[in-house]
Amino acid sequence: ASQASSKIEVLNGSGQANWDLLAIDRLRAEGYGITANGLADHVYSETQAINLNTTAKGSRLGQLSRLFNIRSSANVISQPAAGSPINYRLIIGADFNSCLPPPPPVQFTPTPTPTAMPLP
């Protein structure tokens with residue numbers, strides 16, 4: 001529920017047409033609400049997640065960075081903006097991969113077969 005209440009602006013800084021729309025599809029699949037999208041001010045080599053909230057309480061920044069595979073802490077930015085109509089700004093960079101990695105394989109532990117007990 002709190003994800004849907006988070007307002008996210010998605011900007012395409014990848015240099016590739018419509019990559020913001022791919023990011024929006026991923027965010028919506030995860031339950032996030034999108035406020036706006038468009039082109040970034042220039043091409044970014046790496047995707048950035050920017051927190052515009054004035055408090056860290058309930059921050060979705062970690063989830064966004066994992067979802068978009070943002071590995072550099074320099075690209076996970078806290079930039080408080082009092083009165084901002086959005087909570088987060090996601091700038092899609094040239095490193096964006098629209099394909100999600102496959103989930104880890106499921107490991108099963110076999111249940112031991114009971115051994116036959118002699119009848120009394």
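Which side chain is joined to that of Glu9 by a polar contact? I found that of Arg89, with a polar contact of 2.5 Å between the two side chains; the term stands for a pair of N or O atoms within 3.5 Å, where within protein one must be able to donate a hydrogen and the other to accept it, and where residues adjacent in sequence count only if both atoms are side-chain atoms.

Before going on I noted that this is a predicted model, in which local features need pLDDT of at least 70 and side-chain atom pairs count only at pLDDT 80 or more, while totals for chains, interfaces and linings use all residues. Residues are numbered from 1 along each chain as its sequence is written, and side-chain values use heavy atoms, with hydrogens and water left out.

I then checked confidence as pLDDT (the predictor's confidence in each residue, from 0 to 100). The protein chain averages 86, and 92% of the residues score at least 70. Helix H1 (residues 2-5) has the lowest confidence, with a mean of 54, whereas E5 has the highest, at 94. Where pLDDT is low, the predicted coordinates should not be read in detail.

Next I looked up where Glu9 sits, and found it in strand E1 (residues 7-12); helices (H or I, at least four residues) and strands (E, at least two) are DSSP runs, numbered from the N terminus. Glu9 counts as buried because its relative accessibility is 17%, the classes being buried under 20% relative accessible area, exposed over 50% and partly exposed in between (1.4 Å probe, protein chains only). E1 is mostly covered, with 5 of its 6 residues buried.

I followed the pairing of E1 on to its partners, where two strands pair if DSSP finds at least two bridges between them. E1 runs parallel to E5, joined by 5 bridges, and in E5 the bridge partner of Glu9 is Arg89, the residue that also meets Glu9 in the polar contact. With strand E2 (residues 33-39), E1 pairs in the parallel sense over 6 bridges, and Val10 has Asn37 as its bridge partner there.

Last, I turned to the largest nonpolar core, which has 17 residues; such a core is a set of buried Ala, Val, Leu, Ile, Met, Phe, Trp, Tyr and Cys residues joined through side-chain atoms within 4.5 Å. Ile8, Val10 and Leu90 are among those with the most contacts inside it. The elements giving it two or more residues are E1, helix H2 (19-29), helix H3 (61-67) and strand E5 (88-92).
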